[in-house]
Number of protein chains: 2
Amino acid sequence: MPEHTPGPRTRMVRGAADLLARGGLGGTSFREVLQRSSAPRGSVYHHFPGGKQELVAAAVNHVGDSLIAIIDGQAGRAADDVVAAVAAAMRHTLASSGLAAGCAVAAATVDAASEFPGLTDVASGVFRAWQAHLAAALHAGGIARPRADTLAVTVIAALEGAIILSRARHDITAYDHVTRELLAATRTAMPDPA
Amino acid sequence: MPEHTPGPRTRMVRGAADLLARGGLGGTSFREVLQRSSAPRGSVYHHFPGGKQELVAAAVNHVGDSLIAIIDGQAGRAADDVVAAVAAAMRHTLASSGLAAGCAVAAATVDAASEFPGLTDVASGVFRAWQAHLAAALHAGGIARPRADTLAVTVIAALEGAIILSRARHDITAYDHVTRELLAATRTAMPDPA
């Protein structure tokens, strides 16, 4: 994706996604989003008339679209290469933040229920899209359905859980062990090379 | 401290664990914990002089100990039976709450970082204990080390992630698909029956 100077709305969405990944909903305040995005105070309600819930929803969808682009970019590759690419993409966010940033979509699920029930549906839509795109890529990469479907949801679930374990333990080893098991499971489901 | 008697302290710990699993840290207030546990207002700081962080830490450890008891109760069973029992135990909390309650330990990780950094270490200790007990049970159930270790962390990570996906989607299908894949992976790692 070509990097150009993003406008204030995009900067706010990215800032919210990062804050959400680091501290959950409680750690995502308009004040901090504005600080990080160097956006003028008045611009929040201009760009997000629905307030915090709309900003956070945009952040969750932004994270969702980024991973979908990576999954779709693996078109034509073998299923284990697809899983490796998805695991590497989610590992990058985790590792580049010093294990401080988890997954913004999971964060919107875990603690949104009480404050912003609508966000659960946004997160749900992202998880559903990830699963559909990943299942299609695994199927194209050699795995029959319905196994491609159950494997896709397992890869997403296991990587989400691995992020939580690695953050809690301040150690990325758990994430890497889970990735290894997912690659083994994917290869077991692939047809033997002729 | 009357840790072993079902008094107000235990009721508060259980109430906090349930609130944490449902709404994360933001949804876990002393006021609600007192309401649920029918405990007198003054008793919170008597039992938890460290305040909310101490109450939540006790709740996380309570959830941790419950699953460890289940894992250890599988002693002598085959590895796939152990995984099935762990998956069933975590499924029970999810299903019996109508998919409203996730995992209190994960909740303490995902949104505690900003408010109560000490809780991350408590959650980390629980995850570490789960992994150690599960790896020992898988090893006793037929899986060689170090595979028992990577499989143990994968089972825990995948079930945690599956809880998040199922809650977000208001549908336990994702959890059941992940469980099926974990059982398949465990059987692949077990020795062939003689």
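Copies are superposed by least squares on the C-alpha atoms of residues with pLDDT of at least 70 in both. I note that this is a predicted model.

**Symmetry.** A rotation of 180° with 0.0 Å of shift along its axis does it, at an RMSD of 0.0 Å. That is the relation of a two-fold axis. I then checked which C-alpha of chain B is nearest the axis. It belongs to Ala158(B), 1.8 Å away from the axis.

**Interface.** I looked up the contact between the chains. Chain A gives 43 residues and chain B gives 43 residues. On chain B, helices α1 (8-23), α6 (104-110), α7 (117-140), α8 (147-169) and α9 (173-189) each supply at least two residues. α8(B) has the largest share of that side, 16 residues. By class, I find 20 nonpolar, 14 polar and nine charged residues on the side of chain B that touches chain A. I also compared the two sides. The copies meet through the same surface, because 100% of the interface residues of chain B are also interface residues in chain A.

**A helix pair in chain A.** I looked up α5 (residues 79-96) and α10 (residues 173-189) of chain A. Their axes come within 9 Å and cross at roughly 165°. Angles over 145 degrees count as roughly antiparallel, so α5(A) is roughly antiparallel to α10(A). The crossing is right-handed. From α5(A), the contact residues include Val83(A), Ala87(A) and Arg91(A). From α10(A), they include Tyr175(A), Leu182(A) and Arg187(A). I sorted the residues of this contact by class: eight are nonpolar, two polar and three charged.

Note on methods: Residues are numbered from 1 along each chain as its sequence is written. Chains are lettered from A and ligands numbered from 1 in the order in which they are written. This is a predicted model: local features need pLDDT of at least 70, side-chain atom pairs count only at pLDDT 80 or more; totals for chains, interfaces and linings use all residues. Two residues are in contact if their C-beta atoms, placed from the backbone, lie within 7 Å. Helices (H or I, at least four residues) and strands (E, at least two) are DSSP runs, numbered from the N terminus. Ala, Val, Leu, Ile, Met, Phe, Trp, Tyr, Cys and Pro count as nonpolar, Asp, Glu, Lys and Arg as charged, and the others, Gly among them, as polar. Axes are lines fitted to C-alpha atoms, for helices over the stretch in contact, and angles run from 0 to 180 degrees between N-to-C directions. Angles under 35 degrees count as roughly parallel, over 145 as roughly antiparallel, 65 to 115 as roughly perpendicular and the rest as oblique. A crossing is left-handed if the near helix is turned anticlockwise from the far one by less than a right angle, and right-handed if clockwise.
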